[in-house]
Amino acid sequence: MRLLRRVRQDLSQGENLEIYSTALLSITLAILGAFDIAGGKVLAAATLATLALLAVGLLGSRRQVSELSAQVRSRMAGEASAGDILTRDKPDLIEQIQGAQDIGVVGVTLSRTLRNLVDELQRRAAAGATIKVALIDARTSAPAEAARRSTIYDRPDVFENRLRPSVDLLRELSATVGAEGRVSVRFLPFVPAFGLVLIDPQRPSGRIYVDIYSHSSASGDAVFSVLPDRDGHWYQHFQDEFDRIWASGRPADTTDGFPPVPQS
């Protein structure tokens, strides 16, 4: 049954078709020869056709192996292209945080990130997950610093305005029923050098996304991810960076419209 399922899956995905075609043709020739249904010339011609089909399949497989080997050698030599590493977004981020028990987010205003994630973050908080979010502090010079790094260098009020809906969403997240004490928010007196999204960073299945912020450009940020088993040193590096950024932030309190910070 397992073999039949594998064959059905391969056929539906268009994989290994030359192998199945060769096997089917070989079985057909064997049956025709065993029952003397086809003559020797027909069987010989069909056998040659089968061998040709098999050779074509082997050439295709060899080419794929060669291309894969070249890619592996290129990456080992440090010649991988930026497109192999960097993306413009975090694919399937919402699906990836479903079921997560430890989520951390660092950014400037996080306006788009929070708008996209807040519903799922509320569900995770109500389910017992720990959520930490850090963004810039409107009470400090951070909005002016963010403006100087952007294309609107003389408009810190733009970043202050972007912060307001983010803070409103974080207040709503902190007030999630059943999530008391599981959502922590901190305000940063500086603009972080990069954005971070941590998903279960202490688990073997964890993942960290890193946003490389652009300087005075509206072209968008580059994103890459690190994994604990693949990027051990750098995974720990960005995990430590989150901890250092978090330690530098001011805990949101009642003056910001948040519930009182639990006393440890």
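A residue counts as buried under 20% relative accessible area, as exposed over 50%, and as partly exposed in between. This briefing applies that scale to a predicted model. The structure holds 11 salt bridges, and the axes of helix 6 and helix 8 come within 10 Å.

**Salt bridge R203–D200**
- R203 and D200 form a salt bridge in which the closest N and O atoms are 3.9 Å apart.
- R203 has a relative accessible area of 40% and is therefore partly exposed.
- D200, by contrast, is buried, at 8% relative accessibility.

**Salt bridge R149–E145**
- The side chains of R149 and E145 meet in a salt bridge, with an N to O distance of 2.8 Å.
- R149 is partly exposed at 33% relative accessible area, whereas E145 is buried at 16%.

**Salt bridge D256–R139**
- D256 and R139 form a salt bridge through their side chains (2.8 Å, N to O).
- This pair links distant parts of the chain, 117 residues apart: D256 lies in the segment after strand 7 (250-251), and R139 in the loop between strand 2 (130-136) and helix 7 (142-148).
- D256 is buried, with a relative accessible area of 9%, while R139 is exposed at 52%.

**Helix 6 and helix 8**
- The axes of helix 6 (residues 111-126) and helix 8 (residues 156-174) cross at roughly 10 degrees, so the two helices are roughly parallel to each other.
- By class, their contact has six nonpolar, three polar and three charged residues.
- Helix 6 contributes S111, L114, R115, V118, L121 and Q122, which meet R162, S166, L169, L170, E172 and L173 of helix 8.

Terms used:
Residues numbered from 1 in each chain as written. Predicted model: local features only at pLDDT ≥ 70, side-chain atom pairs only at ≥ 80, totals over all residues. Heavy atoms only, no water. Axes fitted to C-alpha atoms, helices over the stretch in contact; angles between N-to-C directions. Helix = DSSP H or I, 4+ residues; strand = E, 2+ residues; numbered from the N terminus. Parallel < 35°, antiparallel > 145°, perpendicular 65-115°, else oblique. Contact = heavy atoms within 4.5 Å. Nonpolar A, V, L, I, M, F, W, Y, C, P; charged D, E, K, R; others polar. Salt bridge = Lys/Arg side-chain N within 4 Å of Asp/Glu carboxyl O. Buried < 20%, exposed > 50% of the residue type's maximum accessible area, 1.4 Å probe, protein only.
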